[in-house]
Amino acid sequence: MRKNSIFTWIVILLSSLVLLFILAPLAGMFIHTGKAEFLETIKDKEVHQSVWLTLWVSFAATLLFSIGAVPFAWLLARKKFPVKNFVQGIIDLPIVLPHTAAGIALLGFISRDGFLGKIASFLGINLVNHPAGIALAMAFVSLPFLINASRDGFAAVPERLEKAALNLGASHTKVFFTISLPLAWRSIITGFVMMFARGMSEFGAVVIIAYHPMIAPVLIYERFSSYGLNYARPASVFFILVALLFLIGLRLLSLKRKEKYINTDAQTD
Amino acid sequence: MLRLINISRKLGDFALKDINLEVSDGQYYVLLGRSGSGKTQLLELIAGLGHPDTGKIILDNEDITKRRIQDRRVGIVFQDYAVFPHMTVFGNIAYPLKLRNEPKKSIAEKVEKAANAMNINHILERNPEKLSGGELQRVALARTLITSPRLLLLDESLSSLDTSLKDDLKRLLRNLNKSGQTIIHVTHDYGDAISLAKRVGVIHNGRIIQDGSVDEVFNNPANRFVARYAGIRNFFKVNIVHENGLSFGVTEHNIRFKLNGVSAENNSLLLVKSDAITISNQEHEGKDLNTIKGKVSEIIPSEFGLEVTIDAGDLFFVNISASDRQKLCLAEGNRVWVNFNQKDIVVINGT
């Protein structure tokens, strides 16, 4: 009993140190940001535009790619196919790639000479230095979060429920939209929020694709490299606060939906 | 009428083999088998949740072997009910009707009718998480029956219910069958089979090893496995000897069974039902009576009263009442005789 207690205290101490490591730099940044500088940054039109661009482009990228990523996640959860492990490895690849390298790879694909770049040029869009290009860079590095979380969500839906729906006359499409998707919704939303947040914070891949228009991480870097730490700090604080507000809002929305569903595992396993 | 013709299906290491079965209209057919025997896989093939590698499934003279699950009109109720947790009871029962785009008014009327029949009209607005096992089972039944299935398949539908709920649901299923609904019910519970089935099949290792009326199957089990299902615990492997014009089955421990007029071969299995055996403190005489001396090794409570184990070299298991025990002054260690008529011996040849 005494041994356990000491062990628990050691774990609490170690956990506190890890937590402190995350919170201390953020707290330091907040403390060292003067009120006047912060208020000035809030009024700065360039900062506004940059934060807004980051938010909407990341959100749009997440929303757009979820149209393909969510059914893909269902496929990975439900179907067996010969190269499944290989495909799973490809999905996780953007997580381990250096993000600047990902940006370089993507640039070759979306520049005017690249496959997608040619198609975009045909439609009159130059993806480089364009919000669409930024969205692609954000999606490239953050897609694994949505796919993996959604896949786990679909895998947790008991197959019996899908079989029962088929037996009651539902087509496979109906089963997906009326049973699988609503029951995996919780995990999909979690994946959505994670992809959105990861896309929003992306710097390496985006800076290769588009220095301008500037998303918030690029703006912060630009202010730091041109004017120093004191100029970069208020913009960072503002961006963190806005991002936090957005994330909390999304979380609350998903929590409201969560309450409507129950955990089916106990009943059906 | 449902006919399964030479159905085989391989599933990993397990296979359903040469399943042939006929279930007539209005039948209550119970397929009895242990877990892993293939009974659920067979139900899923009939429902269309899988397809056999070989063989045909004929329903009402139509070959439905390759027909889409949605077009078969075969309803299945799963062991775990599979009630949709994100819908209310109403939503669950209305689900198949909504798929057919029926008008709202018609859906409401049909759901109410189905709920009334299952006695669940008071819980229509509830979420499944708040329902008991019995209620969930009724919701699953109502949801399936609202599709007017030609055939109702029940997968271990009573196994997770307590005794009182089980009895209620059995009554409901019997009434449903009386109203003309053809039912195939798979279970591992011999009691369910006895109380519900008009006809019973026993499935083991992917094969139906016996099929017939309840009496036929349980009074003349085809092998040891079926006999165990019939509650028979007294098995004796014997060799046949003939002395003075009489036949005897002799066990490894030299217990002799009179087998006059019974056709038996060497290595036959003799079965004696526990309730066909009586215990006495004295030896009884009788032309057709087997009387074997042994020692009471254990007396334990059982669902029939008391189960007495008598060691006569081989073990005999006998059911008696508490008053029988008093009359016989029965205690562990007593010397007693077990008595049973030779007509109560069932012989399974070629084991």
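**Exercise 1. Work out what chain A is built from.**

Step 1: count the elements. Chain A holds 13 helices and zero strands, where helices (H or I, at least four residues) and strands (E, at least two) are DSSP runs numbered from the N terminus. This is a predicted model, in which local features need pLDDT of at least 70, side-chain atom pairs count only at pLDDT 80 or more, and totals for chains, interfaces and linings use all residues. Residues are numbered from 1 along each chain as its sequence is written, while chains are lettered from A and ligands numbered from 1 in the order in which they are written.

Step 2: get the dimensions. The C-alpha trace of chain A spans about 70 × 65 × 30 Å along its principal axes.

Step 3: look at burial. Of the 269 residues in chain A, 36% are buried (20 or more other C-beta atoms within 10 Å of a residue's own, with C-beta atoms placed from the backbone).

Step 4: Chain A has domain 1 (1-32) and domain 2 (34-268), with bounds from an automatic or database domain assignment. Taken over C-alpha atoms, the centres of domain 1 and domain 2 of chain A are 30 Å apart.

**Exercise 2. Describe the side of chain A that touches chain B.**

Step 1: count both sides. Here 20 residues of chain A are in contact with 20 residues of chain B, contact being C-beta atoms, placed from the backbone, within 7 Å.

Step 2: find the helices. Helix 8 (159-167), helix 9 (172-200) and helix 13 (265-268) of chain A each give at least two residues to this side. The largest share, six residues, belongs to helix 8 of chain A.

Step 3: sort by type. This side of chain A has 10 nonpolar, six polar and four charged residues. Ala, Val, Leu, Ile, Met, Phe, Trp, Tyr, Cys and Pro count as nonpolar, Asp, Glu, Lys and Arg as charged, and the others, Gly among them, as polar.

Key: Two residues are in contact if their C-beta atoms, placed from the backbone, lie within 7 Å. A residue is buried if 20 or more other C-beta atoms lie within 10 Å of its own, exposed if 12 or fewer, and partly exposed in between; C-beta atoms are placed from the backbone.
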